[in-house]
Amino acid sequence: NGPEGTPIPREWEGADMSFIAPFGVSACVDVGNREWLDRLWACITAESWDRGIPFSAATYYPNTIRMICMLIISRNWWFPGDI
């Protein structure tokens, strides 16, 4: 834990994308969470360790959860009846 605005931790046990990415979905419920959502999105879409957990550092399951959360956060999903 650190002061507000510190990077999202990644070097502790449990720092797994399957736990981090769903927080991005929960941050979408209120516009007041925009800064938190932006930080989570940067972590979720990171391509290097300095910004988050890169895709290459995660296994199949965490990257699947990451993809589903990215689809929800970016609103790139639809109901089957809508197509």
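Colleague: Is the crossing of α1 and α2 left-handed or right-handed?

Modeller: In this predicted model, α1 and α2 cross in the left-handed sense. The term applies because the near helix is turned anticlockwise from the far one by less than a right angle. The two helices pack at an angle of about 145 degrees, and their axes are 9 Å apart.

Colleague: Which residues make the contact of α1 with α2?

Modeller: From α1 come Met 17, Ile 20, Ala 21, Phe 23, Gly 24, Ser 26 and Ala 27. Trp 36, Leu 37, Leu 40, Cys 43 and Ile 44 are the residues from α2. By class, ten of the contact residues are nonpolar, two are polar and none is charged.

Colleague: What makes Asn 63 a buried residue?

Modeller: Its relative accessible area is 18%. Buried means under 20%, so Asn 63 qualifies. Asn 63 belongs to helix α3. Leaving out residues up to four places away in sequence, Asn 63 touches Phe 55 and Ala 58.

Colleague: Which residues make up the largest nonpolar core?

Modeller: Eleven residues do: Met 17, Ile 20, Ala 21, Ala 27, Leu 37, Leu 40, Cys 43, Ile 44, Ile 53, Cys 69 and Ile 73. Two or more of them come from each of α1, α2 and α3. In soluble globular proteins, nonpolar side chains tend to be buried together.

Colleague: What does Ile 73 contact, apart from neighbours within four places in sequence?

Modeller: Ile 73 is in contact with Ala 21, Gly 24, Val 25, Cys 28, Leu 37, Trp 41 and Ile 44.

Colleague: Which residues of α1 are buried, and what covers them?

Modeller: The buried residues of α1 are Met 17, Ser 18, Ile 20, Ala 21, Gly 24 and Ala 27. Their cover includes α2 and α3.

Colleague: Why is the chain described as α-α-α?

Modeller: Because the chain has three helices and zero strands, its pattern along the sequence reads α-α-α. Of its 83 residues, 28% count as buried. Among contacts with a separation of 6 or more, 52% join residues 24 or more positions apart.

Definitions and conventions
Residues numbered from 1 in each chain as written. Predicted model: local features only at pLDDT ≥ 70, side-chain atom pairs only at ≥ 80, totals over all residues. Heavy atoms only, no water. Core = buried A, V, L, I, M, F, W, Y, C linked by side-chain atoms within 4.5 Å. Buried < 20%, exposed > 50% of the residue type's maximum accessible area, 1.4 Å probe, protein only. Helix = DSSP H or I, 4+ residues; strand = E, 2+ residues; numbered from the N terminus. Contact = heavy atoms within 4.5 Å. Axes fitted to C-alpha atoms, helices over the stretch in contact; angles between N-to-C directions. Nonpolar A, V, L, I, M, F, W, Y, C, P; charged D, E, K, R; others polar.
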